[in-house]
Amino acid sequence: MENVIIIGTGCAGYTSAIYTGRANLRPLVLAGTQPGGQLTTTTEVENFPGFPEGVQGPELMMKMMAQAQKFGARFEYETVTSITKDVDDGGFTVVTDTRTHRAKAVIVATGASPRHLGLPNEQQLIGHGLTSCATCDGAFYRDVPVCVIGGGDSACEEATFLTRFASKVYLIHRRDELRASKIMAERALANPKIEPVWNSTIIEYVTDAAGEMTQVRLQNLLTGEESSLDLKCVFVAIGHVPNTAFLGGLAGLDENGYILHHKGMMTNVDGLFAAGDVADHVWRQAITAAGQGCAAAIEVERYLADVWGE
Ligand code: NAP
């Protein structure tokens, strides 16, 4: 039986792995389908302490992983499909797409995935003119118009990044005021290539015969008036949904699906801890996720000592 399984490899998972590794617990880390988490889909991270000149998101994550490996963390690229608490010994059974593991404690650090608008042909359009990752796909859209939907830091960051490639970036927001931090909003709105489209939402994606995005139909939410914009790609940046489906109701969730902490980083299930964006709808920063990962690891150490005599 493993001492601790860490599910997820964003800032929270890697930090838990560094701390439990250094505590000689030989953590097993299940990396899932997006190793490195959300920061691998971003460019420059300017606000992670210790990097006054900024650091590239993927580079930061690779360094965290190397640091965890240095202290004995083991990584498997498996996706967890279910997890149950075993009544006989109080451990956990963690089932993945390839095998079954057992562990005395589990840290869930599975983060959150991009939210979509829920329009009928949206899922088919992913990779055909619809994406949630400007860093990954922006370079495919050189000298053509694109749009970003959303009004938060992600939308502003993506819009600003996309001006490197696109001929024009429409920033479509459902209100007339951005939610983004002042610095990021000002940077985006000052960019001559970015044209804000206020009080509007996309009501239809229009494609060509090959199924590639060619146009969006918009509705002004104040007047009801409809219009259209010709463009080649929609970058959806309207927030995230926490990744908790595999828990199957094991841990308590809030009304938006985020895992609830019961005591410290522990959930309402003894031995099951949660850290980072999967349990945080408030701060959602790389550094706060790392902080929660650290706290969860320290609590796992204490839990293993108290309950399992490790
Ligand atoms: P967010 O702050 O939750 O913003 C989501 C945006 O999408 C909001 O403007 C929201 O509109 C809009 N939205 C939500 N559902 C929508 C829908 N169904 N239709 C249309 N619009 C919709 O999410 P985020 O921008 O991804 O940021 C998440 C967290 O990460 C934040 O804490 C942010 O500060 C942080 N972040 C930081 C950086 C950085 O510092 N480099 C970069 C990216 C993100 P309303 O405003 O009307 O609610």
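This is a predicted model: local features need pLDDT of at least 70, side-chain atom pairs count only at pLDDT 80 or more; totals for chains, interfaces and linings use all residues.
Two strands count as paired if DSSP finds at least two bridges between them.

S14 and S15 belong to an open sheet of 3 strands, laid out in the order S14-S15-S16 with antiparallel pairing. Which strands stand at the edges? Those are S14 (200–207) and S16 (226–230); each has a single partner strand, so one side of each is left without a neighbour in the sheet. From one strand to the next, the twist averages 30°. As a bit of background, strands of a sheet pair through backbone hydrogen bonds, either parallel or antiparallel.

## A hairpin to look for

S6 and S7 make a hairpin, with 6 residues between the two strands. Check out Gly-90 in that turn: its phi is positive, at about 80°.

In soluble globular proteins, nonpolar side chains tend to be buried together. The largest nonpolar core here has 34 residues, and the ones touching the most other members are Cys-11, Ile-107, Phe-273 and Val-300. Which elements each supply at least two residues of this core? They are strand S1 (2–7), helix H1 (11–22), helix H2 (57–70), strand S8 (100–108) and helix H7 (286–308). H7 gives the largest share, 7 residues.

Val-300 is a handy place to start exploring. Leaving aside neighbours within four places in sequence, Val-300 is in contact with Val-4, Leu-25, Ala-105, Ile-107 and Phe-273. Apart from this core lies another one, made of 23 residues, including Ala-159, Ala-180, Ala-185 and Ala-188.

## Glu-2, buried or exposed?

Glu-2 lies in strand S1. Is Glu-2 buried or exposed? Its relative accessibility is 18%, and the cut-off for buried is under 20%, so Glu-2 counts as buried.

What is Glu-2 in contact with, leaving aside its neighbours within four places in sequence? The list is Arg-26, Leu-28, Arg-74, Arg-102, Ala-103 and Lys-104.

Terms used:
Residues are numbered from 1 along each chain as its sequence is written. Side-chain values use heavy atoms; hydrogens and water are left out. Helices (H or I, at least four residues) and strands (E, at least two) are DSSP runs, numbered from the N terminus. Axes are lines fitted to C-alpha atoms, for helices over the stretch in contact, and angles run from 0 to 180 degrees between N-to-C directions. A nonpolar core is a set of buried Ala, Val, Leu, Ile, Met, Phe, Trp, Tyr and Cys residues joined through side-chain atoms within 4.5 Å. Buried means under 20% relative accessible area, exposed over 50%, partly exposed in between (1.4 Å probe, protein chains only). Contact means heavy atoms within 4.5 Å.
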